[in-house]
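Subject: Handing over a structure, with notes

Dear colleague,

I am passing on the structure below, together with notes on what was found in it. Please read the notes with the structure open beside them.

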Amino acid sequence: MIVYVARRMVTAVFMLLSIAFVTICLFFGASKDPARAMCGKPCPPETRAKVSAYMQTDQSAVWQYVEFVKGLFVGRTYGTGAQQVHCPAPCFGYSFPNRSDVTTLIAERLPVTLSLALGAAILCLVVGIGLGALSAIRKGGIVDRFSTGFAMFGLSVPTFLVGLLVLQVFGFMLNALPYSGFVSFSESPADWAWHLIGPWMVLSFILAAGYVRVTRTQLLNELSADHLVAMTARGASNRQVNRHAVRGVMVPVAAMFALDVTALLGGSVIAEKVFSLHGLGDLLLSGVNESDLSIVVGVTLFSAFLIIVGNLVADLLMPLLDPRIRRA
Amino acid sequence: MPDPVLQVEDLCVSFTGGGVTADIVRDLSVTLYGGRTLAVVGESGSGKTITGRAIMRLLPRGASARGRIVVAGREMLSADERELRRARGSDVAMVFQDSMSALSPYLDIGAHIAQAIRLHNPSVTRRAARARAVEMLDRVGIPEPADAVRRFPHEFSGGMRQRAVIAMALVNRPALLIADEPTTALDVTVQAQILALLRELQREYGMAMLLISHDFGVVGSAADEVLVMYAGRQAEYGSLRDIFDQPAHPYTAGLRAATPRLDVRREIGGERTRLRAIPGAPTSLRDAGPGCAFAPRCGLADQVGERCVVEAPLPTVRPTSEVGGLHLAACHLDRLPAPQEVAS
Ligand SMILES: Nc1ncnc2c1ncn2[C@@H]1O[C@H](COP(=O)(O)OP(=O)(O)O)[C@@H](O)[C@H]1O
Ligand code: SF4
Ligand SMILES: [Mg+2]
């Protein structure tokens, strides 16, 4: 078990470092020097060189990588004297156009994305597992037929289309939901949820389809599984048997969810765009539009960090569900 | 004579599905005493598993049983859930055909056996139950039982897994063991070992065993009495000797002709002979008309004539070579002609 945990953690750290390396090489190595945008017009070569040096974009990609990783732990300082800016640890880079360190920008946006992703995850699990379980228990019934159609639709329709549809129907036509904006949870939990229902529906709709299918199939297997009949034959009560059936369903569901962390974040970017929410996805897109390399790299790596941590948590939870892994 | 461990009277099992109810087992009656093995033989689909599961009241959804089943003095068909739970795994235990799918993939072997113990003796600690599991694994011949107890089902070979399943079934010393094709999934040599183990444990515990098999050879090497089933009904019932030496039902005679005993079979190189040797496909009770279900495949039906097609034969008493033995066959023919004629 300890070996398993240690191995997962080491893998996670190693993955983070390699992703950072590839991302930084890709962006800093192959992009236009962002100093050009900051230098203004006209931009004589010596000014540009100064700006480049100040923004530290004149260095090699490998140097950037080392500085970036160092910055995560000890912070980073740009320029000297009066011009000096400090980016405290954990530093995900400094955005000169925004005059702010990327960490602060991320911290501003993170509540939006987390609210979106976590809420959607919960809704998707509740709806997906609930519908899947009901379909299995009443196989061929009305819920089953409805959720099969639902799953087909959910698996085949792109996120943005669902988003626009929800926006159109609930936001504009029915005027039932706010179609943009974000209210922080601490301000008003009710308003927070109210503003997020639309994007939650969109995001979870797409992902829930998979859970409906997995839960249904798995529960059907479990309901007629020999090992549960055998357990009854040993003298177990229905309740004890059902508890085991639930475990048999939860293992593949959890495995699937671990993979969906990525899809959840990816979907958030689209949902943010559709519902005009200012989350991480929106930050990333603005970084791309403004050629703000620090934001692009910082947000990309932070998202990678979220995904890897999400996967790590899922990996560490798996052995609790499936004891076979504990022995690995 | 002591009370029988298992008594089945006029058992009928029917399935309801799509608005139709059909019998799949009809009018089955057996009596089994402690220390004896009754083999239930018949082709796949003849209702052996359903019969075994009916005895434990473990029928699949849609199936219902009528008649009377008494296990160790307990009326199974009228028992409530609590009584059933008490009986299952304690008075009567089952070894399933596929040991892999009969074990939970998420529990190690020790947890399975401990569960079997603690379901019936809640005061036993998990620790004590696992210690008992080690003893039990040792008893069924699993090497390094202290290590094996921590292994998961997929980490065992088929033969070892079947031994573990037997340990699990016997840990509460049931009065009756129902073994549903316990060796079908195994190699011939392992088959013989498992059968020998079952026989040995049966003697040690004095339990009754219902040995279900579609392999007549297995029956020959392990049974005291034999029940031959065809399409959900009993074709023939009798002592092993009567069934092998003087079968009274054409179906039994066909099986007998097609299968040497397991001990003989091993001498001739372990070649597997199956019941398929009888030409034609088995009929299920569902499709059977009013006559004898075996009639479409029976080489003797012509000798009897119409009667085979219009009237289902009832079990009638046949000659037996055992003192006080019972030999029944459900066939309109009073006597079978000589074996060579049957085989044709
Ligand atoms: N779940 C079920 N639903 C409907 N029919 C079934 C079911 N299980 C078994 N049967 C029917 O019951 C008959 C007997 O099956 P079974 O007892 O498994 O046969 P055996 O064990 O002798 O091979 C078969 O003809 C099969 O079609
Ligand atoms: S009753 Fe007729 S058909 Fe049936 S087994 Fe006997 S002879 Fe054959
Ligand atoms: Mg069977």
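This is a predicted model: local features need pLDDT of at least 70, side-chain atom pairs count only at pLDDT 80 or more; totals for chains, interfaces and linings use all residues.

**The interface**

Across the interface of chain B and chain A the rule finds 0 salt bridges, a salt bridge being a side-chain nitrogen of Lys or Arg within 4 Å of a carboxyl oxygen of Asp or Glu. Residues are numbered from 1 along each chain as its sequence is written, chains are lettered from A and ligands numbered from 1 in the order in which they are written, and side-chain values use heavy atoms, with hydrogens and water left out.

Polar contacts do occur between the two chains: 6 residue pairs, both at pLDDT 80 or more, are found across the interface of chain B and chain A (a polar contact is a pair of N or O atoms within 3.5 Å; within protein, one must be able to donate a hydrogen and the other to accept it, and residues adjacent in sequence count only if both atoms are side-chain atoms). On the side of chain B that touches chain A, helix 3 (residues 109-120) of chain B gives the most, with 5 residues; helices (H or I, at least four residues) and strands (E, at least two) are DSSP runs, numbered from the N terminus. By class, that side of chain B has 13 nonpolar, 7 polar and 7 charged residues, where Ala, Val, Leu, Ile, Met, Phe, Trp, Tyr, Cys and Pro count as nonpolar, Asp, Glu, Lys and Arg as charged, and the others, Gly among them, as polar.

The contact (heavy atoms within 4.5 Å) takes 27 residues from chain B and 21 residues from chain A. The area buried between them is about 2100 Å², of which carbon and sulfur atoms give 59%; buried area is the accessible area (1.4 Å probe) that two parts lose on being put together, summed over both. In chain B, the residues that lose the most area to chain A are R85(B), Y106(B) and L119(B), together 30% of what that side buries.

**The sheet of chain B**

Chain B has an open sheet of 4 strands in the order 2-1-4-5, with antiparallel pairing, two strands being paired if DSSP finds at least two bridges between them. Its edge strands, each pairing on one side only, are strand 2 (20-32) and strand 5 (74-75) of chain B. Strand 1 (residues 6-17) of chain B is joined to strand 4 (residues 63-71) of chain B by 8 bridges, with V13(B) opposite A65(B) and L6(B) opposite V71(B). Strand 1 and strand 2 of chain B, joined by 9 bridges, form a hairpin with 2 residues between them, and G18(B) in the turn has a positive phi of about 60°.

**Local details**

A72(B), in the loop between strand 4 and strand 5 of chain B, has a positive phi near 50° although this residue is not glycine. In chain A, a cis peptide bond with omega about -5° joins A89(A) and P90(A).

Best regards
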